[in-house]
Amino acid sequence: IERAAGTLSGHAVVTPVQTCETLDVLAGRKLFFKCENFQKSGSFKFRGAFNAVSELASGSGKSPHRPQIVTYSCGNFGCGLALAAKIQGATAHVVMPNNSAECKKQAVLSYGANLVLCERTPQGKATKLKQVQSETGAVLTSGGEHSDVMAGHGTMGLELLKQVPDLDAVIMPTSSGGMLAGVSTAIKSSRSEVRVFGAEPEMASATADSLRTGERRPLAEDPGSVADGLNGKLGALTWPYIRQNVDGVFTVSEDEIKNAMRLVWERMKLVVEPSGVVGVAAVLS
Amino acid sequence: TMGDLHNDGPDKVTVENVEKAAERLAGHARETPVLTCGTLDALAGRKLFFKSENLQKSGSFKFRGAFNAISRLITSANQNPPPVVTHSSGNHACALALAAHQLGVTAHVVMPSTAPQCKKETVRGYGGNVIECVPTEQARVETMERIAQQEGAVYISSSQHPDVISGQGTMALELLRQVPDLDTVITPVGGGGMLAGVSLVMKALNPHIRVYGAEPELANDAATSLAQGKRCPLSYYPETIADGLRINMGPVAWPYIQEHVDDIICVTEDEIKNAMTLIWQRMKLVVEPSGVLGLAAVLSDSFKAREQEAKNVAIILSGGNLDLLKLPELLSL
């Protein structure tokens, strides 16, 4: 994670931490919002994507060809990867469900990546991924299941420890678990007394269920939460870090997510997508 | 009605006043972040630095002027400070109510009936007393004068009070620290308090910095005034989605603007909507239509044609108070 921070330096934004007195009163505690909506490509996923592309590019340093990377993404990782690849002179292929948010498709295209739309089914996804890999030789980089991605995301934990004096708890949305695995590792390695929590929609509570039973539990295919970025499966690679480092996972209703969005837009003047406010919803629950 | 005032009396706002204002605001107003966006730099053809006053207390830069003015009022009052009163389309109302609440003073706020619902609710939430009036400048002023007399309240203008102008000027001091090699600053202009305060500080501390105002074409009284060399207020209340800028540039702000501002750029309603879309979608910031005027101006053909040299341009995003439910209508081109 520290090495990833060096790789990201000068490329990823050290995003500001914002506060809001109205929300402190509602929550009954001091809240510090790390604004990854301001991150390059519009989400924290740029961190993991950039680190992964960088490791891949340095690994294939002797090859004359542009490194080719392919991923499957509901949106944000695809955008992050597309931009990271553009900056580093690699080619990104993003397989995305055909009913993804239009702005996410446009962002991928605007960064010069190859957008490949697929059916939002396991077969649809697998078929297109295999097709791209066989046609281009692209390396598969999963948004969640990749240690370089987790390390990149973990850099947020390092920044928070510096930016928030007397930090005693951190909470973040979680789905496949890349952010939660990386950030919890960063925080617990340095200050094990800081509590680390995940936050999930009730409709997509795989991580909460897994922590409760001690075993990685599968998620229903496409649970359909308004938090459209959190409908993914808890990954096999991220799960051991989460089981070891995370103190708990809170679940919130769809209405709680919508209420939190309203508060963040209206009181904090920040444009944050539904998935992005799940931590806020949890803190207010 | 207020006649035109000259600015060489004891009420003249100087850099020293602004520096004192900065001391009063320290620990109360936010030193808002300056944010950048690669996509917008590419569209503008230069580096843009966005001073994000939508993130300021009460949701707009107006908190600065309001807090400074009430602080000075309290200092000069012998015993119990009087209540304060103002008329405002929204942002000054919210700012005054919050500043008054934090300083333990009662605020009476006259608001046009057409002001965004969230602004009225915010004022009440901050403990302010809202008095509604019909949406004309005359009605605002008459209602305010009546309340001032009734309640013994001191009028704090949204843009024409010297202490308000000083408070707004503190943004310039921060920009000079936050943006290395700053060469251009652009702010929206309504009543002119921000443009007056920011321009006088910039020209006093670094006269090489070019200072622009940005105005809706539909409410172009400040641009006309600068071109004519005399204040030319509009005789009607103009329609523009930039609801915070419908007010005429005022007589106290005018002399500072005439002396220190290099030009005022006018933009169309579509240019405002386009700028809104860019800021919301690319920068992920909630900024109201009045607040994006600076970006609309920088992206306009006329700015690009005349400003070859501007390399590091600070744009003040003045506020983010708007009814979210009106957003689809605001963005429809």
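**Two chains, residue by residue**

Biologist: Between which helix and which strand of chain B is the place of Asp181(B)?
Modeller: We're looking at a predicted model here. Asp181(B) sits in a loop of chain B. That loop runs between α7 (162-178) and β7 (184-188).

Biologist: Is Asp181(B) buried or exposed?
Modeller: The cut-off for exposed is over 50% relative accessible area. Asp181(B) has 64%, so it lands on that side of the cut-off and counts as exposed.

Biologist: What is the phi of Asp181(B), roughly?
Modeller: Asp181(B) isn't a glycine, yet its phi is positive. The value for Asp181(B) is about 55°.

Biologist: What phi does Ser41(A) have?
Modeller: Ser41(A) is in the loop between β2 (33-34) and α3 (45-59) of chain A. With a relative accessibility of 14%, Ser41(A) is under the 20% cut-off and so counts as buried. Its phi is positive, though the residue is something other than glycine. The angle for Ser41(A) is near 70°.

Biologist: Which residues does Leu83(A) touch, not counting those up to four places away in sequence?
Modeller: Leu83(A) belongs to helix α4 (residues 76-88) of chain A. Its relative accessible area is 11%, so Leu83(A) is buried. The residues touching Leu83(A) are Lys40(A), Ser41(A), Phe46(A) and Tyr111(A).

Biologist: What distance separates the C-alpha atoms of Leu83(A) and Ala113(A)?
Modeller: Along the chain, Leu83(A) and Ala113(A) are 30 residues apart.

Biologist: Which residues is Thr174(A) in contact with, leaving aside its neighbours within four places in sequence?
Modeller: Thr174(A) lies in the loop of chain A between β7 (169-173) and α8 (178-190). Relative accessibility there is 3%, so Thr174(A) counts as buried. Its contacts are Leu180(A), Gly198(A), Ala199(A), Glu200(A), Thr207(A) and Leu230(A).

Biologist: Which residues does Glu221(A) touch, not counting those up to four places away in sequence?
Modeller: Glu221(A) is in the loop between α9 (206-213) and α10 (239-245) of chain A. The relative accessible area of Glu221(A) is 52%, so this residue is exposed. Glu221(A) and Asn231(A) are 10 residues apart in sequence, with 8.0 Å from C-alpha to C-alpha. The residues that Glu221(A) touches are Pro122(A) and Lys233(A).

Biologist: Over to chain B: is Asn321(B) buried or exposed?
Modeller: Asn321(B) is in the loop between β10 (312-317) and α14 (327-331) of chain B. At 6% relative accessibility, Asn321(B) is under the 20% cut-off, so it counts as buried.

Biologist: Which side chain does a polar contact of 2.8 Å join to that of Asn321(B)?
Modeller: The side chain of Asn321(B) reaches the backbone oxygen of Ser58(B) at 3.0 Å. Beyond its neighbours within four places in sequence, Asn321(B) is also in contact with residues including Asn91(B), Lys119(B) and Glu288(B). The 2.8 Å polar contact, though, crosses to chain A, and its partner there is Lys269(A).

Biologist: Zooming out, what is the radius of gyration of chain A?
Modeller: Chain A comes to 12 helices and 9 strands. For its 285 residues the globule rule gives 19 Å, and the value for chain A is close to that, so chain A is as compact as a globular protein of that length, at 18 Å.

Biologist: And what radius of gyration has chain B?
Modeller: Chain B is built from 14 helices and 10 strands. A compact globule with 333 residues would come out near 20 Å, and chain B agrees with that at 18 Å.

Biologist: What percentage of the residues in chain B is buried?
Modeller: Taken along the principal axes, the C-alpha trace of chain B spans about 55 × 45 × 40 Å. Of the 333 residues in chain B, the buried share is 62%.

Biologist: How far apart are the centres of the positive and negative side chains in chain A?
Modeller: Chain A carries 29 positive and 27 negative side chains. The centres of those two sets lie apart by 4 Å.

Key. Residues are numbered from 1 along each chain as its sequence is written. Chains are lettered from A and ligands numbered from 1 in the order in which they are written. This is a predicted model: local features need pLDDT of at least 70, side-chain atom pairs count only at pLDDT 80 or more; totals for chains, interfaces and linings use all residues. Side-chain values use heavy atoms; hydrogens and water are left out. Helices (H or I, at least four residues) and strands (E, at least two) are DSSP runs, numbered from the N terminus. The radius of gyration is taken over C-alpha atoms; the globule rule is 2.2 Å times the number of residues to the power 0.38. Lys and Arg count as positive and Asp and Glu as negative; His and the chain ends are not counted. The place of a charge is taken as NZ of Lys, CZ of Arg, CG of Asp or CD of Glu. Buried means under 20% relative accessible area, exposed over 50%, partly exposed in between (1.4 Å probe, protein chains only). A polar contact is a pair of N or O atoms within 3.5 Å; within protein, one must be able to donate a hydrogen and the other to accept it, and residues adjacent in sequence count only if both atoms are side-chain atoms. Contact means heavy atoms within 4.5 Å.
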